[in-house]
Amino acid sequence: MKTPLMAITFVAGSLTASLGLADTPVLTVYAPDYFVSEWGPGPKIEELFEAQCDCDLQFKPGDLLPRVLLEGDKTDADVVIGLNTDVTKKARESGLFASHGVALDGLTLPIDWTDEMFLPFNYGHTAFIYNTTKIDSAPASFDELLNAPDDLRLVIQDPRSSISGLALVLWVNAVYGDQAQEAWAKLAPKIVTVTRGWSESYGMFTDGEADMVLSYTTSPAYHIIAEGDETKKAAIFPEGHYFMVELAAKLAGTDQPELADQFMTFVLSEAFQSMIATGNWSIPAALPQDQWPEGFQKLDMPEKVLFYTEDEAADLRDQAIEAWRSALSQ
Amino acid sequence: MLTLENLNVVMDGSALTGSLSLAPGRRVAVLGPSGAGKSTLLDVIAGFRLLDSGAVGWSGKDLTQLPPDKRPVSILFQDGNLFPHLTVFRNLLLALKPNGRRASQEDQVRIEGALKRVGLAGMSGRTPGTLSGGQQSRAALARVMLQGRPIILLDEPFSALGPALKAEMLALVREVAGSLGALVVMVTHAPADARRFAEDVVLVAEGKVHLPVATAAFFANPPEAYRDYVGTSQA
Amino acid sequence: MAQRAVAITAALVLALLTLGPIAAVLVRSGGLGAFRPGDLEALQFTIWQALLSGFFSVALAIPVARALARRHFWGRSLLVSLLGAPFILPVIVAVMGLIAVFGQNGLVNTVMAALGGPKLDIYGLHGVILAHVFFNLPLATRMLLQAWLAIPGERFRLAASMGLSPWGQFLTLEWPLIRRIAPGAFAVIFVICLTSFAVALTLGGGPRATTVELAIYQAMRFDFDLGRAATLAMLQLAMAVIAGMIALKLAPAQGFGTGRGRQVPRWDGRGAVPRICDTLWILAAAAFLLVPLALVVLRGFPGLMAGGGMGTWVAAKHSVMVALASTALCMLWALPLANRRGELLSVAAIAMSPLVLGTGLFLILRPFVNPFSMALPVTTVVNAMMALPFALRILRPEAEAVEQDFGRLRSTLRMTSLAWLRLVWLPRLRRPMGFAAGLTAALAMGDLGVIALFADPDRATLPLQVYRLMGAYQMEAAAGAALLLLILSFSLFWLFDRGGRVGADT
């Protein structure tokens with residue numbers, strides 16, 4: 001019985017929304033798909049920003065960079081949010097993006113960030129997540145993980161179809177260098193399977209199909225805060241964890257330059273930053289640790305952070321994927 | 001006049017040739033051994049089979065290139081003369097309204113009249129599956145009657161019926177054809193049917209369509225090809 | 001003739017929608033891309049797994065369809081309907097269901113462990129094939145069953161009266177039927193499996209199970225190499241067309257002639273051995289197909305009860321609308337194409353990589369309209385197109401039989417095309433059309449297709465919502481949305497299928 005009512009409210013809602021369009025300027029923001037669900041950060045970002053801009057922020061979810069590149073300088077996007085470092089090189093070379101013009105001294109990232117085009121708004125690190133009720137002693141280092149008994153079951157993502165999967169092969173490369181392929185060979189028997197994206201892997205982990213899943217150091221925060229469940233933990237390795245950051249950027253050809261600039265500044269503002277932790281289950285990029293939500297303060301954090309610049313990553317990528325592919329194809 | 005001039009149809013491995021002309025209103029039986037091309041002859045007249053050479057004409061009009069639905073012909077097949085999912089009424093209505101429209105008052109009267117003529121009064125609401133074999137044949141005949149075309153082709157009709165019913169149906173066809181003034185061409189296996197029904201007999205044998213012969217004369221002095229065929233088929 | 005013009009138009013639209021997007025992508029990229037070293041392995045794996053999947057799906061469907069055709073038991077028609085469900089499940093949901101049964105911690109391994117048996121490892125080529133058979137066995141079974149039921153009862157009566165041995169009966173009645181249906185079913189399944197990607201990867205256990213579609217995905221989304229993506233897409237298309245042509249060559253066209261359309265009791269399979277065999281086949285198929293489904297239902301229940309949020313209901317509404325519109329479009333499209341050539345053309349359509357298709361359409365539409373506002377119409381058209389081969393596979397044999405059985409009567413009555421369509425064709429094809437429409441509706445519900453490339457927040461469909469929820473850690477809500485999707489897909493399927501069967505006996 002609820003459905004028709006909801007449908008009516010929905011139709012009514014979208015009608016008023018489109019009626020309101022006539023005189024308010026529209027800021028079009030391209031974002032990844034997960035951003036715009038009710039549980040993603042999209043709705044909150046929209047609410048917070050519209051409260052201060054007197055404009056209409058519209059999200060267009062989907063593949064970010066492929067779409068911008070397809071559309072070229074005719075793109076509707078004013079701003080894109082949710083880019084990863086694996087595409088910044090390609091994005092920069094396209095000439096479609098402008099510098100953000102935001103002061104970077106407020107950043108609280110574990111690495112130095114001086115990029116004038118791509119602005120970080122939250123971060124995390126690759127990590128293997130496990131369930132403390134199922135595993136008594138998780139591997140305490142990457143080496144221990146490699147040498148763990150083969151009945152430890154891992155599920156990871158494919159580096160050819162997923163960003164976290166790509167981060168993993170770079171991580172292994174950063175830790176093991178020339179020995180990466182041997183490292184993969186040791187991991188191979190423990191890898192139950194490789195999925196296309198993060199969602200499938202994480203679903204298999206929560207279903208108990210795998211003991212550990214490749215995810216982010218911030219994943220346990222979701223379980224702590226949203227579910228009151230403290231049994232999911234990230235295994236922290238002294239060899240370091242690969243840094244994963246999400247970025248926003250302004251289009252050079254935007255027809256709303258002031259609004260776009262305002263949005264870029266908003267991204268590092270306290271309002272945005274204090275929301276993003278629980279909005280996107282990641283660590284805010286410009287917020288001191290003591291201001292993080294409590295669940296985030298409980299997280300185990302790596303001492304050492306590994307990261308390749310976009311040029312390094314571009315050079316290493318094919319070789320790192322090939323090491324993974326050939327070791328796992330044996 | 002139905003005319004077949006120098007007809008030539010290539011069949012699997014053999015051919016059917018001959019010339020023929022049949023007058024309007026005649027009742028003609030086509031006799032001959034199995035596989036000689038009796039049904040092919042009907043198909044040629046109906047337009048289901050195109051000629052490799054030769055011509056088909058009707059009262060001066062050339063039919064050779066006309067598709068079946070443009071020819072002045074109606075047919076009764078061995079079976080499948082009625083759509084099994086439509087009522088008898090709907091089936092008959094298609095003869096009057098091939099565009100599938102609704103029946104007018106006049107259509108209704110004509111359909112009921114036709115059903116009465118074939119002894120199926122009151123059966124118009126039934127589907128073919130609920131009728132007996134004889135009743136189905138009658139309904140099909142009523143359809144032919146309503147079509148009112150000057151040529152009626154019968155392809156071994158009523159072969160599923162018993163002798164008494166079959167005789168009855170042939171009498172009915174005769175009556176219907178008479179009232180329409182239509183030429184009837186009937187393919188049959190049974191000499192008795194030909195004797196009872198036909199004024200002329202056309203023999204199709206050894207790939208050749210023979211000229212029509214008056215029925216009495218045909219059976220009084222059967223051609224050699226026919227004797228061979230009757231002889232072997234009885235052996 | 002008007003009919004011919006309609007058929008040609010339908011074919012042209014289909015060809016344009018298949019080749020247009022590839023052309024658009026090629027034009028944008030400025031040329032073909034080069035193959036890479038891993039591509040050959042991917043190609044080999046793709047073909048090999050598709051061959052095996054097609055073979056096992058069809059081979060196993062034969063005894064199951066035969067058992068279902070000749071046994072009558074309480075709940076049979078519900079079972080037949082339910083057996084179709086795996087085919088219409090969204091991939092991610094089905095994979096989760098399969099893992100819950102065959103996975104490391106799944107039912108099978110739990111039972112095996114309790115019995116002290118060895119541990120079953122689902123991941124590998126056998127896992128890929130298991131999953132593909134899970135998806136496609138129902139399709140093959142239904143196609144065969146449909147044909148089996150179309151053998152006039154008189155033929156079985158004749159066989160019985162002639163005292164044919166079971167083997168003799170198999171050779172005279174059933175083998176011709178299998179020869180007629182199996183090649184087409186195999187081709188369709190082969191082609192579906194060609195474009196498999198997430199299933200193959202997840203259950204294949206890693207990069208050994210790399211398919212061409214994954215290479216396309218990588219080229220498109222990670223390398224932005226449109227030329228390479230288009231080249232690989234054409235390779236996929238070529239494989240599908242070859243498979244389709246071989247299948248159509250192998251399948252003889254003749255049917256079984258007209259029966260009187262009466263249900264005649266069957267005289268075959270009366271002994272104890274056939275009875276037991278049939279029962280075992282039905283039980284095995286039901287367990288294989290329904291247990292994973294039951295687990296999907298169980299897991300989704302809490303999430304569904306929790307409501308799943310407004311987005312889920314809105315997405316459900318969109319999905320139902322898209323499904324109904326796709327079904328109408330697909331049926332309109334299928335009717336003029338229900339012939340040999342139309343079927344071959346349509347098989348090519350499902351081999352089209354959804355990514356290339358979506359990108360191509362995006363490029364084509366963009367100069368004229370805002371592609372986002374077209375998300376739902378585009379999804380409707382693409383889903384109709386993707387369902388077309390299935391609809392045609394089901395409709396074509398029956399459509400040709402109607403033509404063969406009543407074509408002459410039609411001519412002699414001088415029926416107009418419209419009257420023929422309305423009074424004979426559609427009524428005679430009601431049963432297969434109901435089935436085809438149900439399948440189309442369900443497929444359109446479950447297909448993620450191109451919407452992911454276009455959809456804005458207000459225009460998500462239910463499968464997209466499932467992915468979005470999972471991406472936001474909402475695993476329970478996602479399972480609930482998946483269950484809702486299953487229920488809606490199945491309801492639509494059932495309604496159409498039932499609608500086609502009610503009163504279609506006379």
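## Domains of chain A

In this predicted model, the centres of domain 1 and domain 2 of chain A, taken over C-alpha atoms, are 26 Å apart. Domain 1 of chain A covers residues 23-122 and 245-297, while domain 2 of chain A covers 124-243 and 306-328. Where they meet, 18 residues of domain 1 of chain A and 14 residues of domain 2 of chain A take part in the contact.

The two domains of chain A bury about 1500 Å² between them, and carbon and sulfur atoms account for 72% of that area. On the side of domain 1 of chain A, K89(A), W281(A) and G295(A) provide 36% of the area buried against domain 2 of chain A, more than any other three residues.

## Confidence in chain A

Chain A has a mean pLDDT of 88, with 93% of its residues at 70 or more.

The pLDDT is below 50 over residues 1-21 of chain A, a stretch that has 13 contacts in the model beyond near neighbours in sequence. Where pLDDT is low, the predicted coordinates should not be read in detail.

## Aromatic pairs and a cluster

Over all chains, the whole structure holds 36 aromatic pairs. One of them joins W113(A) and F307(A), whose ring centres lie 6.4 Å apart; the planes stand at 45 degrees, so the pair is tilted. These two residues are 194 residues apart and link distant parts of the chain: W113(A) is in the loop between β4 (97-98) and β5 (119-131) of chain A, and F307(A) is in the loop between β12 (305-306) and α13 (310-328) of chain A. W113(A) counts as buried because its relative accessibility is 11%, whereas F307(A), with a relative accessible area of 25%, is partly exposed.

A second tilted pair consists of Y123(A) and F243(A), with 5.6 Å from centre to centre and 40 degrees between the planes. Y123(A) belongs to strand β5 of chain A and F243(A) to strand β10 (residues 241-251) of chain A, so this pair ties together parts that are 120 residues apart in sequence. Y123(A) is buried at 6% relative accessibility, and F243(A) is buried at 0%. Chain A also has an aromatic cluster formed by Y34(A), F35(A), F49(A), F59(A), F121(A), F263(A), F266(A) and F272(A).

## Chain C against chain A

Contact between these chains involves 62 residues of chain C and 65 residues of chain A. About 5500 Å² is buried between chain C and chain A, with 59% of the area coming from carbon and sulfur atoms. The residues of chain C that lose the most area to chain A are F222(C), F224(C) and Y473(C), which together make up 15% of what that side buries.

## Chain C against chain B

Here 19 residues of chain C touch 30 residues of chain B. The buried area between chain C and chain B is about 2200 Å², and carbon and sulfur atoms give 58% of it. In chain C, the most area lost to chain B is that of R408(C), L413(C) and R414(C), together 32% of what that side buries.

R408(C) also lies over the face of F48(B), at 4.2 Å from the ring centre. Within chain C, R142(C) is placed over the face of F435(C), at 3.9 Å from the ring centre.

Definitions and conventions. Residues numbered from 1 in each chain as written. Chains lettered and ligands numbered in written order. Predicted model: local features only at pLDDT ≥ 70, side-chain atom pairs only at ≥ 80, totals over all residues. Heavy atoms only, no water. Phe/Tyr/Trp six-rings, centres within 6.5 Å; stacked < 30°, edge-to-face > 60°. Helix = DSSP H or I, 4+ residues; strand = E, 2+ residues; numbered from the N terminus. Buried < 20%, exposed > 50% of the residue type's maximum accessible area, 1.4 Å probe, protein only. Lys NZ or Arg CZ within 6 Å of the ring centre and 35° of its normal. pLDDT = per-residue confidence, 0-100. Contact = heavy atoms within 4.5 Å. Domains from an automatic or database assignment. Buried area = accessible area lost by both parts, 1.4 Å probe.
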